[in-house]
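Look over the sequence and the structure before reading on.

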Amino acid sequence: MSSRPVQARSMNLAYLGGYGSAGLAVLRQDPSSGALQELQRLQEPGEPSWLCASADGRLLYSANEGDSTLSVYERGPQGRLQRLQQVASGGQGPVHISLQGAWAVVAHYGSGGLACWRLDGQGLLAGPPRIVGTALAPGPSHAHMAGCDPGQGYLLASDLAQDVLLSWRFEPGLGPADQPQVWRAPKGAGPRHFQFHPGLPGQLYLLHETASSLSWLQLDVRRGALEHQLTLSSLPAGHTETSYASDLRLSPSGRHLYALNRLHDSIAIFELNAEGRPRLLGHEPTRGSYPRSACFGPDGRWFYTCNQRGDSLSRFWVRADGGLHYAGQQAMASPAMLLFVG
């Protein structure tokens, strides 16, 4: 493996994974306009629908939902990618991967449960993975996201079909403990993605796909128990048509949350007060169909949505008050996730 430095921080590089034949693209941002220029495209057949990077930015990891594999890439000059490893993910339909210390944790929507992979000294996946179940009752299990709290004392995972958010004590050397604490969402809510508040220990926000709602929770950092504090709709008052919430993003300032609504095709903007309590401010249309995920640019001034069915990326200028100003759109086939790596 090469040890050459990654020339990325000043280049505003991003990576875009997608469905169908979209593969994996390396993009460069124009910081003045927010527009993205393609530098490289890899015709990866596995449908890389979720991406994450190592802390030093040297490696990129993808969960390939289409063929249930994981890939590891080395980032070279201008952020170009060279695949180093590809392995079976440890389940069916991996939809989320995150790095937690010396572990890569993968959530499987198809088969349910998590696959916890140790990382070797080079950052590669060392198998076989440890399989951790998320099903607590008979019936389907659809794990959708897994990640640790900022202190890495607990590993949390959402299961959309089981309507639960699970919390395991997490040891860096051992991984998650055997028995989780459980918070049960209302039946049919469909817990999907969550975000921790950067400045208020234990406070987190959980987006429910089927209910299109946001729950404000408190994690007890001593015991791992989860306590519900508030739930708000991510849709406008009186909206009765079908919609499915997808991604949840926290502003770099920690003052605003942004939730995506698919079919309603909007971004719900929440303001967080000093105690972390969310308040819905309003909605911004995505101008593209079925927004699956979103991200901020490197300096927090730009916000992007991946409009899966609209074959496009929408970009927005982030105003000082947290509002979004639509700035344009680019054609991209079936985009699933955009990730900036410094």
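Predicted model: local features only at pLDDT ≥ 70, side-chain atom pairs only at ≥ 80, totals over all residues.

Residues are numbered from 1 along each chain as its sequence is written, and side-chain values use heavy atoms, with hydrogens and water left out.

Q: What pLDDT does the chain average?
A: pLDDT is the predictor's confidence in each residue, from 0 to 100. A score of at least 70 is reached by 97% of the residues. The chain average is 95.

Q: What is the volume of the largest pocket?
A: A pocket, on a 1 Å grid over the protein atoms alone, is an open set of points where a 1.4 Å probe fits, with protein on both sides within 12 Å along at least five of seven lines. Its volume is the space filled by probe spheres set on the points, which are joined across faces, edges and corners. For the largest pocket that comes to about 1100 Å³.

Q: Which strand gives the most residues to the lining of the largest pocket?
A: Lining residues have an atom within 4 Å of a point. The largest pocket has 34 of them, with Met145, Gln195, Arg249, Met337 and Leu339 nearest its centre. Strands (DSSP E runs of at least two residues, numbered from the N terminus) that give two or more include S4 (48-53), S8 (94-100) and S12 (143-148). The top contributor, with five residues, is S8.

Q: Is Ser312 buried or exposed?
A: Ser312 sits in strand S27 (residues 312-318). Leaving aside neighbours within four places in sequence, its contacts (heavy atoms within 4.5 Å) include Gly288, Cys306 and Met332. Buried means under 20% relative accessible area, exposed over 50%, and partly exposed in between (1.4 Å probe, protein chains only). Because its relative accessibility is 2%, Ser312 counts as buried.

Conventions. Helix = DSSP H or I, 4+ residues; strand = E, 2+ residues; numbered from the N terminus.
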